[in-house]
Amino acid sequence: YQNSPQKLSLQEFYQLAQAYESGSDAFNQVFETAVRMYPDDAHANLNAANAAMSKGDLKGAEGYLKKAGNMLESVYARGVHAALSQNYPAALELFKQAQSQGVSQAVDAIAVMEKMK
């Protein structure tokens, strides 16, 4: 994929990423390449944002999150980004929104944010 990434579909990038350990450099590189090939795709941007956050690149993640659409996973990821950026009130609101949309992980995130008040 590194020599001719333009030949891969977005689905093929996702399949390729599954060959690597989640969060590994290779895993993250696949998603970074996918978002370069499909810069306007919400899912590609969401995955690239998550990869960036896992590396501590909050500025990069912020750019990707702007293009990640309004999927419930994107709302949750924006909450994670806000929490990592120490914007706890915004994180709490985003986690509550994600919870209302059915994101189960948001329940634990809300509990953590409530403890930090």
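## Helix packing in a predicted model

In this predicted model, helix α1 meets helix α2 through Leu 10, Phe 13, Tyr 14, Leu 16 and Ala 17. Their partners in α2 are Phe 27, Val 30, Phe 31, Thr 33, Ala 34 and Met 37. By class, this contact of α1 with α2 holds ten nonpolar residues, one polar residue and no charged ones.

The axes of α1 and α2 come within 9 Å and cross at roughly 175 degrees. Angles over 145 degrees count as roughly antiparallel. The two helices, α1 and α2, are therefore roughly antiparallel to each other.

Now take α1 by itself. It spans residues 10-17, and its buried residues are Leu 10, Phe 13, Tyr 14 and Ala 17. Viewed down the axis of α1, these buried residues fall within an arc of 100 degrees, so they line one face of the helix. What do the buried residues of α1 pack against? They pack against α2 (25-37) and also against α3 (42-54).

### The α5 and α6 pair

Helix α5 covers residues 72-84, and helix α6 covers residues 88-100. Their axes come within 8 Å and cross at roughly 160 degrees. That makes α5 and α6 roughly antiparallel to each other as well. The crossing of α5 and α6 is left-handed.

On the α5 side, the contact is made by Val 75, Tyr 76, Arg 78, Gly 79, Val 80, Ala 82 and Ala 83. On the α6 side, the residues are Tyr 88, Ala 90, Ala 91, Leu 94, Phe 95, Gln 97 and Ala 98. By class, the contact of α5 with α6 has eleven nonpolar, two polar and one charged residues.

The loop between α5 and α6 contains Gln 86. Is Gln 86 buried or exposed? Its relative accessibility is 59%, so Gln 86 counts as exposed; the cut-off for exposed is over 50%. The phi of Gln 86 is near 65 degrees, a positive value in a residue other than glycine.

Ala 91 sits in helix α6. Ala 91 is buried, with a relative accessible area of 0%. Which residues does Ala 91 touch, not counting residues up to four places away in sequence? They are Gly 79, Ala 82, Ala 83 and Met 113. Of these, Gly 79, Ala 82 and Ala 83 are in the α5 part of the contact with α6.

Helix α7 runs over residues 105-116 and includes Gln 105. Gln 105 has 44% relative accessibility and so counts as partly exposed.

Ala 106 is also found in helix α7. At 0% relative accessibility, Ala 106 counts as buried. Leaving aside neighbours within four places in sequence, Ala 106 is in contact with Tyr 76, Phe 95, Ala 98 and Gln 99. Tyr 76, Phe 95 and Ala 98 also take part in the contact of α5 with α6.

The table lists C-alpha separations for three residue pairs.

| Residue pair | Separation along the chain | C-alpha to C-alpha distance |
|---|---|---|
| Ala 91 and Ala 77 | 14 residues | 9.5 Å |
| Ala 106 and Phe 95 | eleven residues | 5.2 Å |
| Gln 105 and Asn 47 | 58 residues | 17 Å |

How values were computed
Residues numbered from 1 in each chain as written. Predicted model: local features only at pLDDT ≥ 70, side-chain atom pairs only at ≥ 80, totals over all residues. Heavy atoms only, no water. Buried < 20%, exposed > 50% of the residue type's maximum accessible area, 1.4 Å probe, protein only. Helix = DSSP H or I, 4+ residues; strand = E, 2+ residues; numbered from the N terminus. Arc of directions from axis to C-beta. Contact = heavy atoms within 4.5 Å. Axes fitted to C-alpha atoms, helices over the stretch in contact; angles between N-to-C directions. Parallel < 35°, antiparallel > 145°, perpendicular 65-115°, else oblique. Left-handed = near helix turned anticlockwise from the far one by under 90°. Nonpolar A, V, L, I, M, F, W, Y, C, P; charged D, E, K, R; others polar.
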